[in-house]
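Take a look at the structure below. The report that follows goes through it helix by helix and strand by strand.

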Amino acid sequence: MKFVIRTFFKTLRLVLGPVMLLRERLTRPAGLVRAPAAQALVNQQCQSLALFQYATCPFCAKVRQEMRRLSLPIEKRDAQHDVKNRDELTRQGGQTKVPCLKITGPQGNRWLYDSGEIIGYLRGQFAPA
């Protein structure tokens, strides 16, 4: 029975995954336009951020859309197929759950796991006032 359930969900992911990726591409939002100096500052701040994600995760897609909307060049790390990234997420973050935003700062790393929290953080840091 376990084999049948696993096979069903693998097949479902194989069928729905490309559809979700196509939808994300077709509904890509326009990016926020900033002055070059302001965008350079945002780019510098984004170097301390990394998003651990799965390509076909709907919550990850939601975060990626917000990153595009805010024109944030945040590094995306594949935690589904890249074992090194998945191990880092589990070992340092404590959970193998995506989306996860790693915020590197002077006090150490901070890990945000909920898409709503991640979007709230990004809007709080980078959205225009």
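## Helix H5

In this predicted model, the buried residues of H5 are Ser115, Ile118, Ile119, Tyr121, Leu122 and Phe126. They lie on the same side of H5, because they cover an arc of only 160° around the axis. An α-helix has 3.6 residues a turn, so residues three or four places apart point the same way.

What covers this buried side? The cover includes H2, E1, H3, E3 and E4. H5 itself is made of 12 residues, 115-126. From its first C-alpha to its last it reaches 16 Å, close to the 16 Å expected at 1.5 Å a residue. Its N-terminal end has a cap, Asp114. A side-chain oxygen of Asp114 lies 3.1 Å from the backbone nitrogen of Gly116.

## The sheet

Now the strands. Four of them, in the order E2-E1-E3-E4, form an open sheet with mixed pairing. E2 and E4 are the edge strands, and each pairs on one side only. From one strand to the next, the twist averages 25°. In general, strands of a sheet pair through backbone hydrogen bonds, either parallel or antiparallel.

Look at two of the pairs. E1 and E3 pair in the antiparallel sense, over 4 bridges. Ala50 has Lys102 in E3 as its bridge partner. E3 and E4 also run antiparallel, joined by 5 bridges. Here Thr104 stands opposite Asn109 in E4. E3 and E4 form a hairpin, with 2 residues between them.

## Helices on the sheet

Which strands does helix H3 touch? H3, residues 58-69, packs on the sheet and touches E1 and E2. The direction of H3 makes about 150° with that of E1. H4 packs on the sheet too, touching E1, E2, E3 and E4. The direction of H4 makes about 105° with that of E4.

## Helix H4, side by side

H4 spans residues 83-93, and its buried residues are Asn85, Glu88, Leu89 and Gly93. They cover an arc of only 100° around the axis, which puts them on the same side of H4. These buried residues pack against strands E1 (49-53), E2 (75-78), E3 (100-105) and E4 (108-112). What about the face turned away from the buried side? That face carries the exposed residues Lys84 and Arg91.

Both ends of H4 have a detail to find. At the start, a side-chain oxygen of Asp82 comes to within 3.0 Å of the backbone nitrogen of Lys84. Just after H4 comes Gly94, with a positive phi of about 95°.

## A residue in helix H2

Gln39 sits in helix H2, which runs over residues 36-46. Is Gln39 buried or exposed? Its relative accessible area is 18%. Buried means under 20%, so Gln39 counts as buried.

Which residues does Gln39 touch, leaving out those up to four places away in sequence? They are Arg34, Ser71 and Pro73. With Ser71 there is a polar contact to look for: its backbone oxygen lies 3.1 Å from a polar atom of the Gln39 side chain.

Note on methods
Residues are numbered from 1 along each chain as its sequence is written. This is a predicted model: local features need pLDDT of at least 70, side-chain atom pairs count only at pLDDT 80 or more; totals for chains, interfaces and linings use all residues. Side-chain values use heavy atoms; hydrogens and water are left out. Buried means under 20% relative accessible area, exposed over 50%, partly exposed in between (1.4 Å probe, protein chains only). The arc is that of the directions from the helix axis to the C-beta atoms. Contact means heavy atoms within 4.5 Å. A polar contact is a pair of N or O atoms within 3.5 Å; within protein, one must be able to donate a hydrogen and the other to accept it, and residues adjacent in sequence count only if both atoms are side-chain atoms. Two strands pair if DSSP finds at least two bridges between them. Axes are lines fitted to C-alpha atoms, for helices over the stretch in contact, and angles run from 0 to 180 degrees between N-to-C directions. The expected span of a helix is 1.5 Å times one less than its number of residues.
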